[in-house]
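This report describes a structure by its chains, domains and sheets. The sequence and coordinates come ahead of the text.

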Amino acid sequence: MSDLAISTLPAEVTRKRSAIGSLRLIQTASILVIALVIVSPLLMLIVASLKDDRFQILADMGSFRAFWVPNPTLANFAEVGNLSGELAFGRYLLNSLFILAATVGAGLIVNSMAGFVLAWGSLRGRALILSLVIALYVIPQESIIMPLVIMVSRAGMTDTFAVQIVPWIASPLYIFLFYQFFAQLPKELFEAAEMDGASVFRIYRSIFLPLSLPALATVSILMGIETWNQYLWPILVTQTAYARPIAVAIATFFGQDSIYWDRAMAASVLMMLPILALYLAFQRWFVSSFVGSAVKG
Amino acid sequence: MASVTIEQVRKEYGAVPVIHGVSMEIEDGEFVTLVGPSGCGKSTLLRMLAGLEDISGGEILIGGRVVNDVAPKERDIAMVFQSYALYPHMTVAENMGFALKLKGEGKAAIDRRVREAADILALGPLLDRLPKQLSGGQRQRVAMGRAIVRHPQVFLFDEPLSNLDAKLRVTMRAEIKDLHQRLKTTTVYVTHDQIEAMTMADRIVVMRGGRVEQIGRPLELYDRPANTFVATFIGSPAMNLFEGAIADGRFVTASGVALPLPPGYRGEAPKVYGIRPEHLTIAERGVPATVVVVEPTGSETHVLVKLGSTDANLVLRDRVELEPGQPIAVTPDLAKVHLFSEQGMRVN
């Protein structure tokens, strides 16, 4: 009886292993196909930006030639990468980078402070304020944009960098994200620092902020993407090239009689690069923060 | 160093009172332990002392100064938390020196005082490590180092050993006691472990339901508990208590077992008869009992017996051959009998 059992065991194991192997193969193939579908527009964009003939780009679309460039050239980048003139996309890129850095930098400070005070401050009506913050989150940006435009134009802020930065520094979503992160840190840390003689601001700066790297990274990325992709707001509040961001500038290609696909593609790659770099720099914390908040609820 | 006075201190959360007018005097340099079951208010009282909880009524004085409305950082006290509460992103040295840095001490002075504290606690080789690179016992020592580096007037410990394993707890217990003997800083130590309280404290405060049940030296509490709660809370295994009444010059339990009274006892008629397990011995003649469970621990033997229908524990220093179900006779040491009233208060 036992001999029989021993002799049949390897065949069973082999069958199971081959079934697991096939399943893994199907899984890997499916993941590859999905990844290709997601990455293909990006690949097409980069390839097209390296082609110097805008009619060829148009002709290649819809075939596999869209993913292949026989003679790559950086001529399009040289053409759009100026700091002044008609195609001053270098300037627009710098504008966008400045707006991004200022909004994210100030946003991290303001939203983290607000989140900290809501989580740990001895503030009257803390629960009410938190409820209001959460309620504000459900109001779409577009619904308040016209009153905001009127406000900033009356304040004489149109066509400035400040108008693209200040209104978006404080955000209910990011305040809530910071609040959630700070609230789950142990109370004893706050109390120990208090006993050590730290003021509330010092506790925030020296203890809680250095511990909130995952939250800082998450907010940096989310806020960075949001700021970088701002389109409606800058189109309403900028009239000249002075403070125009790259997203608005790219759109000007598509308003003309003839679309310069080669330049548009190169400008789009320029626009994509900084945000991709930001994500790559912070993605470890970004992922861990989202996983953490998912597990802890 | 400073004395601590707690006068009629009350704490209420809304309409719910949790501390009902507690008073005690802690002398300069004394080691006092607050002990009691979960929810008795001992940690709340310690946190009020630290300034981490508001005081609903009464007064707390540290070094003769009323500190009711004084911020924690201005009370000149240091606290060791149950969870250690070390700053995870700072090294051991930075953790220990943080309070001094906030005080504006110079780098050289901070280094010197951190080194001094590290020497006392044998933390020298660990100064550059992060808390996550330390064992539980080492983290506990860092938490103590963070407290002693400040040279505070009072140390507060909030169940600092409860996250450690049993063996390490014994070692750390001795280290804390040794530290107190060297530094002589007034210490208030909260624990739910009566062994910890007995072994470490100069005086113990037993609390229950937000009230002080008894304050005294460890052996005073052990030898003369003021009531049945203290009698059963202090000592392990707990004191045997039998309910009953005096009849014919003896104490007769509810199950009809007659126990001898201390010779010449003329006090209030007791309703509860108490005897510690080690003061109940096996004798040729005495109160009949039946062995239920025998637990040899090596140094002593714990025996659970039935006296009538009531369980009783014996702790025997000698090794004995006993079998479950075996009939024996036990006799109490009459000089060590504790008698309590119906309300559970000591009467002898």
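Predicted model: local features only at pLDDT ≥ 70, side-chain atom pairs only at ≥ 80, totals over all residues.

**Chain A**

Chain A is assigned a domain 1 covering residues 2-73 and a domain 2 covering residues 76-296. Taken over C-alpha atoms, the centres of domain 1 of chain A and domain 2 of chain A are 35 Å apart. In the contact between them, domain 1 of chain A takes part with 9 residues and domain 2 of chain A with 8 residues. On the domain 1 side, at least two residues each come from helix H1 (2-49) and helix H2 (54-60) of chain A. H1(A) gives the most to that side, with 4 residues. By class, the side of domain 1 of chain A that touches domain 2 of chain A consists of 5 nonpolar, 1 polar and 3 charged residues.

An unreviewed UniProt entry places the feature "transmembrane region" at residues 25-48, 97-120, 127-149, 161-182, 203-225, 231-254 and 266-287 of chain A. Among these, residues 25-48 of chain A form a span that is 100% helix and 0% strand, with end C-alpha atoms 33 Å apart. For residues 203-225 of chain A the end C-alpha atoms lie 30 Å apart, and the span is 96% helix and 0% strand.

**Contact between the chains**

Chain B meets chain A through 16 residues, which are in contact with 14 residues of chain A. Strand S6 (77-80) and helix H2 (92-102) of chain B are the elements that give two or more residues to the chain B side. H2(B) gives the most to the side of chain B that touches chain A, with 3 residues. Sorted by class, this side of chain B has 12 nonpolar, 2 polar and 2 charged residues.

**Domains of chain B**

Chain B is divided into domain 1 (4-233) and domain 2 (240-340). Their centres, taken over C-alpha atoms, are separated by 39 Å. The contact joins 5 residues of domain 1 of chain B to 5 residues of domain 2 of chain B. On the domain 1 side of this contact there are 2 nonpolar, 3 polar and no charged residues.

The contacts described so far can be set out together.

| Contact | Residues on each side |
|---|---|
| Domain 1 and domain 2 of chain A | 9 residues from domain 1, 8 residues from domain 2 |
| Chain B and chain A | 16 residues of chain B, 14 residues of chain A |
| Domain 1 and domain 2 of chain B | 5 residues of domain 1, 5 residues of domain 2 |

**Sheets of chain B**

One open sheet of chain B has 6 strands in the order S6-S7-S8-S3-S9-S10, with mixed pairing. S6 and strand S10 (211-216) of chain B are at the edges and have a single partner strand each, so one side of each has no neighbour in the sheet. From one strand to the next the twist averages 15 degrees. Within this sheet order, strand S3 (residues 31-35) and strand S8 (residues 186-191) of chain B pair in the parallel sense over 5 bridges. The bridge partner of B:Val32 in S8(B) is B:Val188. Helix H4 (residues 136-148) of chain B lies across S6 and strand S7 (154-158) of chain B, and runs at about 175 degrees to S6(B).

Another open sheet of chain B is formed by 5 strands in the order S13-S12-S11-S14-S19, and its pairing is antiparallel. Here strand S13 (258-260) and strand S19 (338-340) of chain B are the edge strands, each with a single partner, so one side of each is left without a neighbour in the sheet. Direction ignored, neighbouring strands of this sheet are turned by 40 degrees against each other on average. Strand S12 (residues 250-253) of chain B runs antiparallel to S13(B) and is joined to S13(B) by 3 bridges. B:Phe251 has B:Leu259 as its bridge partner in S13(B).

**B:Gly97**

B:Gly97 lies in helix H2 of chain B, the element that gives the most residues to the side of chain B that touches chain A. Is B:Gly97 buried or exposed? B:Gly97 has 26 C-beta neighbours inside 10 Å and therefore counts as buried, the cut-off being 20 or more. Leaving aside neighbours within four places in sequence, B:Gly97 is in contact with B:Ile110, B:Val114 and B:Val149. B:Arg47 is 50 residues from B:Gly97 along the chain, and their C-alpha atoms are separated by 23 Å.

Terms used:
Residues numbered from 1 in each chain as written. Chains lettered and ligands numbered in written order. Domains from an automatic or database assignment. Contact = placed C-beta atoms within 7 Å. Nonpolar A, V, L, I, M, F, W, Y, C, P; charged D, E, K, R; others polar. Pairing = 2+ DSSP bridges. Axes fitted to C-alpha atoms, helices over the stretch in contact; angles between N-to-C directions. UniProt positions renumbered as here; feature names shortened; annotations may be inferred. Buried ≥ 20, exposed ≤ 12 C-beta atoms within 10 Å, placed from the backbone.
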